[in-house]
Amino acid sequence: MVTTEAEARAAQPILQLRAIEKVFDQFAAVDRITLDIQEGEFFTIVGPSGSGKTTMVRMLVGMDKPTRGDILLRGQRINDVPANKRPTCMVFQSLALFPHRTVGQNIEFPLKIRGVDPAARKKRALELLAQLRLPDHYYGKAVTQCSGGERQRVALARALAFDPEILFFDEPLSALDYKLRKVLEKELKDIHRQTGKTFVYITHSLEEAMVMSDRIGVMNRGRFVQVGTPNEIYGSPTTRFVSEFMGEVNILDVTVGPDGTATDDVTGARYLVPPSAGAGPCSLVIRPESLRFVDGPSQAHNVVTGTVYNEYLLGSRVQYQIRVGEKQVLLLENLRDQRYEGDLDSPVTVGWDTGDSMIFPKGPLQ
Amino acid sequence: MAQATGIVTITAATTARAAPEPSGWRAWLRQAGVLTALPMALLMLAGFVAPLLLVVAFAFMPPQSFSILQPPTLANFQEIFANSFYRSFLASLYLAAATTLICMVVCYPVAYAMVRVFGRVAGVLALLITAPLFVADNLRLVGWMLFLVKGGVLSGALQAWFGIATDSMLYTVSATLFGLVYTYLPFMLFPMIMGIAMVPLEMREAAFDLGATRWQVLKEVDIPLAMPGILIGALMTFILAAGALSEPRILGGSSVVMIAQDIQNEFTFAQNWPKGSALSVLMILVAGVLAVTLLRRIDLDGIFGRR
């Protein structure tokens, strides 16, 4: 009997959103979202600013109420449960550390609220400091004297001290420099493994989402455009919006004819494209790393000729800006050891295989 | 020769720039900050420091004298403590403390609502609260006198509508306290508004999210973070109320004598400047110690956004 109960518990998603909607002045910031988040999952919501991701998380944490729809935590409707009664907590974008308290007092805050005695509080705070690789003497340090990365860890420690069932993050790393962000992304993933808790993370960077997540939901205009594993999102994006969100991509406006080939709207060139949903105006998306220099048409399914206009060194990789005719610019990316040897402005042929390109019909929900 | 001097001067200037050494009071005086502060400094010196020094000097002169060129004595202070002058002191401090406390309790909800609840209406409210300040407080207190006096607006209305006969509410300690609270409320309210506005909304949300109840948010986040504003408000209210003159006289009818009234009496009727000065010095000491202690706890840089 006990085992079946435990099994049922494990099978049930920890958090279920049932057509939740948040309307501000007739504008649906979150538009009928249905989603299940599994126990122990690292789920990341990615979207540009204004896509509704912060609004959504505020509802999930209990700081806002959905206009319509239900939020279920382990099957229990929690729409009307205020934030301080929910077993979840959030790491804010600003971190919201209490400036009038020391590092230790900040971490102990949720325990103090619960009436845990000072000795036990301190013990737990020191454990968390160690877990987040902060030295013990930081316990008495003023929060205002900590660096950006240290504050980040303090905020995470405070949230972990609360011991939430689900831990939410609202772009906590966005204010940090690139290098530190990379370090903390990995630390966060480690913490996720160590604690086994459910993490729901918000970011505007798909790159950040890729590094950490088990599953990613890409949001735009209050809805999920695609939900899937990082691999699925990167490998088979379902819309132009998702493919573009990953980073720099080449997007060609094409018209797919009845024979299944595409005509470039700008240059008039003909391309072989993957089987698309139908004929008509489409966006052809080619990743820079899928484009390569070729010697002739036999080396790739599709080739275009242009001139090398610029070279950008990116460390381990190198990018080239290829000008095709007057109006078209393509971006090509190679590894550093496959550097282009010719002169700038000299004619080159570049090509790609059909399987490396993606085609999306143009529609309202791009 | 001239050239040589020129070179020497230039070298000196370069070294001074490279390592800012103290190069005498001339260089110090030439700093932009010093120059711009000079007019205000001179005004303060002539209008504030000099009279203050005069008062301090008079406090140590023999009683009933009108010159500061006599051998100093502690006679005035001895007399203050020997006779019952300290009573007006205690009355002042007590009433000022009570005023501060009452203003704090009354103002906090109002200030909180003005920052977080009222939105655009808050501006109109602020104007309504400040508007009476454009009328001299003596006049406003006379208005209250007409309201509270026996057969005045309040007791007349109570008598006519409810048949309740009331005695005069004027000329009591309570009336004085009421007047003090009424007059100095804005001095508590506005710094408090500033203090509460400084509490980031996310800080409250974070505390709430971490399980704190409303009271715990108030105790752990709201009040500590608004403390600079609350302390400045308390300081202003306390010091102003402790030096109040019109309220005890007009509404209190001298049922309680506060220190300002004693000081005024000494300077006018009694023609005893040294004693008046000694009382003033004691008052300044109390206020000064209080101000320094409290202001040291306040992070002014944080308030002015310099951090």
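Two residues are in contact if their C-beta atoms, placed from the backbone, lie within 7 Å. Helices (H or I, at least four residues) and strands (E, at least two) are DSSP runs, numbered from the N terminus.

The model is predicted: local features need pLDDT of at least 70, side-chain atom pairs count only at pLDDT 80 or more, and totals for chains, interfaces and linings use all residues. Residues are numbered from 1 along each chain as its sequence is written, while chains are lettered from A and ligands numbered from 1 in the order in which they are written.

**Confidence**

For the complex, the predictor gives an ipTM of 0.81 and a pTM of 0.79. pLDDT is the predictor's confidence in each residue, from 0 to 100. Chain B has a mean pLDDT of 85, with 90% of its residues at 70 or more. Where pLDDT is low, the predicted coordinates should not be read in detail.

Chain A is divided into domain 1 (2-242) and domain 2 (248-361), with bounds that come from an automatic or database domain assignment. The C-alpha centres of domain 1 and domain 2 of chain A are 39 Å apart.

A residue is buried if 20 or more other C-beta atoms lie within 10 Å of its own, exposed if 12 or fewer, and partly exposed in between; these C-beta atoms are placed from the backbone. Strand β9 (residues 215-220) of chain A has 5 of its 6 residues buried, so it is largely enclosed by the rest of the structure.

Two strands pair if DSSP finds at least two bridges between them.

| Partner of β9(A) | Sense | Bridges |
|---|---|---|
| β3(A), residues 42-46 | parallel | 4 bridges |
| β10(A), residues 223-228 | antiparallel | 5 bridges |

A:Val218 is the bridge partner of A:Val46, and A:Val218 also stands opposite A:Gln226 in β10(A). The hairpin formed by β9(A) and β10(A) has 2 residues between the strands, and A:Arg221 in the turn has a positive phi of about 50°.

A:Asn220 also belongs to β9 of chain A. A:Asn220 counts as buried because it has 21 C-beta neighbours inside 10 Å. Leaving aside residues up to four places away in sequence, A:Asn220 touches A:Gly47, A:Pro48, A:Ser51, A:Val225 and A:Phe241. A:Ser51 is 169 residues from A:Asn220 in sequence, yet their C-alpha atoms are 4.7 Å apart.

Contacts between the chains involve 14 residues of chain B and 16 residues of chain A. On the side of chain B that touches chain A, α10 and α11 (214-242) each supply at least two residues. The largest share of that side, 6 residues, comes from α10(B). By type, the residues on this side of chain B are 8 nonpolar, 3 polar and 3 charged, where Ala, Val, Leu, Ile, Met, Phe, Trp, Tyr, Cys and Pro count as nonpolar, Asp, Glu, Lys and Arg as charged, and the others, Gly among them, as polar.

Helix α10(B) is mostly covered, with 7 of its 9 residues buried. These buried residues include B:Met203, B:Arg204 and B:Phe208. Their cover includes α2 (53-61) and β6 (88-91) of chain A, together with α11 of chain B. B:Gly211, which follows α10(B), has a positive phi, near 100°.
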